[in-house]
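Hi,

Here is the structure I said I would pass on to you. Have it open while you read, and follow along with my notes below.

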Amino acid sequence: MLTIGFETSCDETSVSVVENGMVLSNEVSSSVHLHSEYGGVVPEIASRHHVEYIVSVFEKALSDSGKRKEDLELVAVTQGPGLPGSLLVGITFAKAVSYALDIPIIGVDHVQAHLYSPLLNTGAEMKNILPFTGLVLSGGHTSVFECHDMLRPECIGRTLDDAVGEAFDKAAKIMDLGYPGGPLIEKMARSYSGKKMSIFPKAYLKDSPGIDFSFSGIKTAVLYYFRASDKSDNEKIRISFEFQEAVADVVMSKIKDAVERTGHKRIIVGGGVINNERLRQAIKEFSEKARIRLYIPEKQYCSDNAAMVAGLGELLYASGIRMDLGINAEPNGTMDNKKLEKKIKKR
Ligand code: KG4
Ligand code: ZN
C-alpha cells in the first residue's frame with residue numbers, strides 16, 4: 001500500500017510517503033525557531049506556519065518519494081491530540097488530497113503514532129511484537145501503555161502534571177537556555193565533569209494506582225536552585241546534568257515498574273524525549289540486562305514526523321478500519337483521552 005501521511009499537531013509541518021511500513025520520504029518543516037523567544041509553542045504562530053508551508057512540504061515529500069500523486073492509495077492524518085488550529089490545517093489539506101485523488105482517508109492518534117514509530121523501516125509484523133509495554137515520552141505526553149492489540153493500547157499510567165519534555169523545556173526556560181529545552185539541556189549536561197550529587201527531588205509516586213509520573217516538583221526545585229545560584233555557565237551545566245539525571249532515574253524506575261506489572265518481554269519507547277542519549281543508553285542497558293526486546297525509533301522518527309502517521313494509518317487500514325471525509329480534529333486525541341483515563345487499571 002502506498003500511503004501519504006500528514007502531521008501538523010504542534011510545531012512541525014510534516015508530510016511523508018510510506019509504502020508497507022518503509023519510508024520513501026519524510027519531509028519536516030519546523031517552526032521551532034519562531035517560538036524560541038517565548039520559551040514554548042505559541043499556537044497561532046504554529047498554525048500560520050502550517051498554512052504557509054504545507055503545500056511546499058507536500059510537494060517535496062511527493063517528489064522525494066519518486067512516486068506520482070496518481071500512485072497514492074491512502075491518506076493518513078493526525079486527528080489529535082494537538083493544537084486545534086494546527087490540526088485543522090493538516091486535516092483540511094489531507095481531506096482535499098483524499099477527495100481529489102478519490103482515495104480513502106484515515107485519521108490517527110498522534111500518541112499511538114509515536115508508539116508505532118520504532119517499527120518504521122523494520123519490516124516487523126505486528127503479530128510478532130504483541131504483547132508489548134509502550135511508553136511515549138514527548139513534549140505533550142508521558143504515558144505508559146499495555147498493548148495486547150495495537151488498535152487498542154490500554155493506558156496504565158500517565159503524568160499527573162507536566163509531560164517529561166515539557167519539564168525539560170521549562171527547566172531550560174528558567175535558565176534562559178532557549179526552546180526546545182531537551183537538546184539544550186542534554187548538550188549542557190554533556191560538558192559536566194563533576195560527580196552526581198542528586199540535588200533535585202524525584203517523585204516516584206509509589207502509592208499511585210497507575211504507573212504515574214510527576215515532574216512539577218523537580219521543575220520548581222530547579223527554579224529555586226537557579227535563583228539562589230550565581231547563574232554562571234558552570235552552574236547551568238551542573239543544574240542541567242543533575243536535572244537530566246533525576247529525570248532519567250525516574251523514567252528508568254517507571255519502566256522497571258511497568259515491565260514488572262505487565263510481565264511483557266517487549267518494550268516500545270517513542271517520542272521526542274527519546275532523542276536523549278542518556279535516556280537511550282539507560283533504556284538499552286536495562287533491556288539487555290532484563291532480557292527484554294527493546295524497540296526504539298531511529299532518531300529522525302523520535303520527534304514529530306508524518307512517517308509514523310502514515311505507517312500507523314496503513315496498519316489501521318489493513319486491520320479493517322475505515323473512515324470518511326467527516327473526520328475532524330480531536331484536540332484531546334482519539335485514544336489518550338478522558339474516556340481512556342477511566343480505564344486505567346488499578347494496581
Ligand atoms: O514528540 P515531540 O517532537 O512533540 C510532542 O509530541 O510533544 O517532543 C518534543 C519534546 C520537547 O519537549 C523537547 O524538548 C523534547 O521532546 N526533546 C528532548 C530532546 N530532544 C527533544 N528532550 C530531552 N533530550 C533531548 N535530546
Ligand atoms: Zn509528538
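Let's start with Pro180, which sits in the loop between α5 (164-174) and α6 (181-190). Go there and look at the bond leading in from Tyr179: this peptide bond is cis, with omega near -5°. Keep in mind as you go that this is a predicted model.

Is Asp176 buried or exposed? Its relative accessibility is 68%, so it counts as exposed, the cut-off being over 50%.

Why point these out? Most residues other than glycine have a negative phi, and most peptide bonds are trans.

There is another cis bond to find, between Leu130 and Pro131, with omega at about -5°. Pro131 is in the loop between α4 (110-116) and β6 (132-137). You'll find Lys231 in the loop between α7 (216-228) and α8. With 41% relative accessibility, Lys231 counts as partly exposed.

Now for some helix packing. Helix α8 (residues 233-262) packs with helix α9 (residues 277-290) at an angle of about 30°, and their axes are 10 Å apart. The two are therefore roughly parallel, since angles under 35 degrees count that way. Their crossing is right-handed. On the α8 side the contact includes Ala248, Met252 and Ile255, and on the α9 side it includes Leu279, Ile283 and Phe286. Sorted by class, this contact of α8 with α9 has 9 nonpolar, 1 polar and 4 charged residues.

Next, look at α2 (residues 43-65) and α3 (residues 84-101), whose axes come within 8 Å and cross at roughly 25°. That makes α2 roughly parallel to α3. This crossing is right-handed. Among the residues that meet here are His50, Ile54 and Phe58 from α2, and Ser86, Val89 and Phe93 from α3. By class, the contact of α2 with α3 has 9 nonpolar, 5 polar and no charged residues.

Last stop: Ser9, in the loop between β1 (2-7) and β2 (12-19). Ser9 has 3% relative accessibility, so it counts as buried. Which side chain does the side chain of Ser9 make a polar contact with? That would be His110, at 3.4 Å. Beyond its close sequence neighbours (within four places), Ser9 also touches residues including Thr78, Leu83, Ser86 and Asp304.

Cheers

Terms used
Residues numbered from 1 in each chain as written. Chains lettered and ligands numbered in written order. Predicted model: local features only at pLDDT ≥ 70, side-chain atom pairs only at ≥ 80, totals over all residues. Heavy atoms only, no water. Axes fitted to C-alpha atoms, helices over the stretch in contact; angles between N-to-C directions. Helix = DSSP H or I, 4+ residues; strand = E, 2+ residues; numbered from the N terminus. Parallel < 35°, antiparallel > 145°, perpendicular 65-115°, else oblique. Left-handed = near helix turned anticlockwise from the far one by under 90°. Contact = heavy atoms within 4.5 Å. Nonpolar A, V, L, I, M, F, W, Y, C, P; charged D, E, K, R; others polar. Buried < 20%, exposed > 50% of the residue type's maximum accessible area, 1.4 Å probe, protein only. Polar contact = N/O pair within 3.5 Å; in protein donor to acceptor, adjacent residues only side chain to side chain.
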